[in-house]
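Hi everyone, thanks for coming.

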Amino acid sequence: MTILIIESVIYIFVGIIISFLLRDKEFKKIKRLILLSYLIIGIAVYSILYFILLSAAVLLSAAAVLRFYD
């Protein structure tokens, strides 16, 4: 039960960070795609370590999208 709470808190923080990074209107579809894929893959992950690694990968992908389009 505590793992579910920890994963939810991490998901909320990552969502806020991605929303801050990709806040322009032109990134709206990309942001939705990243968050949706993060949610779908995150559901399949049962280990908190893998979920943290997935979160780091999602943040890096958002930063790469921001760098690519700027």
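Predicted model: local features only at pLDDT ≥ 70, side-chain atom pairs only at ≥ 80, totals over all residues.

Let's begin with helix 3, which runs over residues 48-69. Its 22 residues reach 32 Å from the first C-alpha to the last, close to the 32 Å expected at 1.5 Å a residue.

Now, which residues of helix 3 are buried? They are Phe51, Leu54, Ser55, Val58, Ala62 and Val65. These residues sit on the same side of helix 3, because they cover an arc of only 105 degrees around the axis. And what covers them? Helix 1 (2-21) and helix 2 (28-44) are included in that cover. If you turn to the face pointing away from the buried side, you'll find Leu49, Tyr50, Leu60, Arg67 and Phe68, which are exposed.

On to the core. The largest nonpolar core has 14 residues. Val14, Ile18, Leu22, Ile34, Tyr38 and Val58 have the most contacts inside it. Helix 1, helix 2 and helix 3 each supply at least two residues of this core, and helix 3 gives the most, with five.

To finish, have a look at Val14 with me. Which residues does Val14 touch, if we leave aside its neighbours within four places in sequence? Val14 is in contact with Tyr38, Ser55, Val58 and Leu59. Thanks, happy to take questions!

Terms used: Residues numbered from 1 in each chain as written. Heavy atoms only, no water. Helix = DSSP H or I, 4+ residues; strand = E, 2+ residues; numbered from the N terminus. Expected span 1.5 Å × (residues − 1). Buried < 20%, exposed > 50% of the residue type's maximum accessible area, 1.4 Å probe, protein only. Arc of directions from axis to C-beta. Contact = heavy atoms within 4.5 Å. Core = buried A, V, L, I, M, F, W, Y, C linked by side-chain atoms within 4.5 Å.
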